[in-house]
Amino acid sequence: MHISPVLWQFLVKWLNSSALFPREASTIAPYADALYFFLLTITVVGLILVAVLVFGFAIRYRKERNPVATQVEGSTLLEATWTIIPLALFMVAWIWGALLYFRIYNPPTNAMNIYVVGKQWMWKAEHPGGQHEINALHVPTGRPVQLTMISQDVFHSFSIPDFRVKREVIPGRYTTVWFEATTPGTYHIFCTQYCGTNHSVMIGDVTVLNPEDYQKWTQGSTSGTSLSQNGERLFASMGCNSCHSGSAAARGPNLAGVYGSKLQLSNGSSVQVNEAYLRDAILNPSQHITAGYAPIMPTYQGQISEDGLIDLVEYIKSLKSNYRVQQTLTTSQSNQAAPTTPGTVNP
Ligand code: HEC
Ligand SMILES: [Cu+2]
């Protein structure tokens, strides 16, 4: 099934200009499309084959010409043929699909992470450097981007058709998706899961910039404080530091370097600490007790917004070696202009 590159490019160009087909603007897009066209070709060829045979036989063996049918009592060759050929085709589709699936679901290790919070009815993007966007997302070309996404209310689904990217955004759990944009430009974001009255306006734009422009954008639109700096403040104002002060005598474990590590739990199992685990450790501490510690950490369920949790997660991620926590809110805020506690849930 070989299509010459020229013909292929022509086909893709024509499809794009016909508005029937999204542009191919990510590294994965051509691969996803290749499989799509393979499946489409097989389907169409199968359809034509069956249709031609049905009509052909109907005409050739119509009643006036062959009033009595000749019964064929089985042919091993025939049966083997119609078993093996479809099986082979399905195996190709399955293996091809599985390889693509692994590619789509495994972000490269050098991917930059951006958080996306979905809510009725908007998309909020939070960059680690402190850039916040609503119904917009700026990304550079040539660099893998991973989105860590969560919903603040109901099920949503985040889709960028031109990147061939779509993933459910679920309340209470981080889901991730990654892509590498190839072409500067503006592309649609859609919510593809019906989520209430204004579902149809839960849309936005991804702006893909070349690396230099992206750099400029990052500097020009930062809020001044990074997510982890917000998290540090929240850590102090929520009183996390009273137990996680980092000192040996503290009641809670030292959180430096915990991200990415393998944590031993009191029930004998162990976990790989990622963003999802950190979030869960704050909301449901009693579900998984770190070995060697008493189950004294209170739950923060309902007290911190998803944005606040993202800040805390980024802060804990940033704690590499030993850290010194802000002991009280007042000392920490003396040189920071933030009168309210960022990220806490307003009643
Ligand atoms: C009353 C003391 C106390 C407070 C307050 C507290 N923690 Fe904990 N925390 C603990 C203890 C003890 C553990 C270990 C036992 C467990 O897993 O519950 C723990 C475990 C954790 C873990 C799991 C990782 C690890 O190394 O065990 C995270 C993450 C964490 N706390 C974050 C926080 C954050 C963020 C806050 C504030 C919002 C907070 N904690 C407030 C006592 C506390
Ligand atoms: Cu939605």
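These notebook entries record what I looked up in the structure of one protein chain.

**Entry 1. Ground rules**

I note that the model is predicted, that local features need pLDDT of at least 70, that side-chain atom pairs count only at pLDDT 80 or more, and that totals for chains, interfaces and linings use all residues. Residues are numbered from 1 along each chain as its sequence is written, chains are lettered from A and ligands numbered from 1 in the order in which they are written, and side-chain values use heavy atoms, with hydrogens and water left out.

**Entry 2. The whole chain**

I began with the secondary structure, and the protein chain has 9 helices and 12 strands. Helices (H or I, at least four residues) and strands (E, at least two) are DSSP runs, numbered from the N terminus. I then looked up the radius of gyration, which is 28 Å, well over the 20 Å that the globule rule gives for 347 residues, so the chain is more spread out than a compact globule. This radius is taken over C-alpha atoms, and the globule rule is 2.2 Å times the number of residues to the power 0.38. Along the principal axes, the C-alpha atoms fill a box of roughly 100 × 50 × 40 Å.

Next I looked up burial: 38% of the 347 residues are buried. Buried means under 20% relative accessible area, exposed over 50%, and partly exposed in between (1.4 Å probe, protein chains only). The accessible surface is about 20,200 Å², and carbon and sulfur atoms hold 61% of it. These areas come from the Shrake-Rupley method with a 1.4 Å probe; for residues, only the protein chains shown count as cover.

For contacts (heavy atoms within 4.5 Å), I took those between residues at least 6 apart in sequence, and 68% of them join residues at least 24 apart. I also recorded 22 positive and 21 negative side chains, with the centres of the two sets 3 Å apart. Lys and Arg count as positive and Asp and Glu as negative, while His and the chain ends are not counted. The place of a charge is NZ of Lys, CZ of Arg, CG of Asp or CD of Glu.

**Entry 3. An aromatic cluster**

How many aromatic pairs does the structure hold? I found 13 aromatic pairs. Rings of Phe, Tyr and Trp (its six-membered ring) pair if their centres lie within 6.5 Å; planes under 30 degrees apart count as stacked, over 60 as edge-to-face and the rest as tilted. One of the pairs joins phenylalanine 21 and tyrosine 36; this pair is tilted, at 6.1 Å centre to centre and 35° between the planes. Phenylalanine 21 sits in the loop between helix 1 (5-17) and helix 2 (29-60), and tyrosine 36, 15 residues away, is in helix 2. Phenylalanine 21 is buried at 13% relative accessibility, whereas tyrosine 36 is partly exposed at 43%.

I also found phenylalanine 21 in a tilted pair with phenylalanine 37, at 5.5 Å centre to centre and 35° between the planes. Phe21, Tyr36 and Phe37 form one aromatic cluster.

**Entry 4. Helix 5**

Is helix 5 (residues 227-237) largely enclosed or open? I recorded 8 of its 11 residues as buried, so helix 5 is largely enclosed by the rest of the structure. The buried residues include Leu227, Arg233 and Phe235. Just after helix 5, glycine 239 takes a positive phi of about 80°.

**Entry 5. Two single residues**

Arginine 103 lies in helix 3 (residues 76-105) and is partly exposed at 39%. Not counting residues up to four places away in sequence, arginine 103 touches Ile28, Tyr31 and Trp178.

Serine 269 is in the loop between strand 11 (262-264) and strand 12 (270-272), and is partly exposed at 33%. Beyond its neighbours within four places in sequence, serine 269 contacts Leu263 and Gln264.

**Entry 6. Backbone angles**

I kept a general rule in mind: most residues other than glycine have a negative phi, and most peptide bonds are trans. A cis peptide bond joins glutamine 120 and tryptophan 121, with omega about 0°. Tryptophan 121 is in the loop between strand 1 (112-119) and strand 2 (122-126).

Asparagine 135 has a positive phi of about 50° although it is not a glycine; its place is the loop between strand 3 (132-134) and strand 4 (136-140). Arginine 164, also not a glycine, has a positive phi near 60° and is found in the loop between strand 6 (156-160) and strand 7 (165-169).
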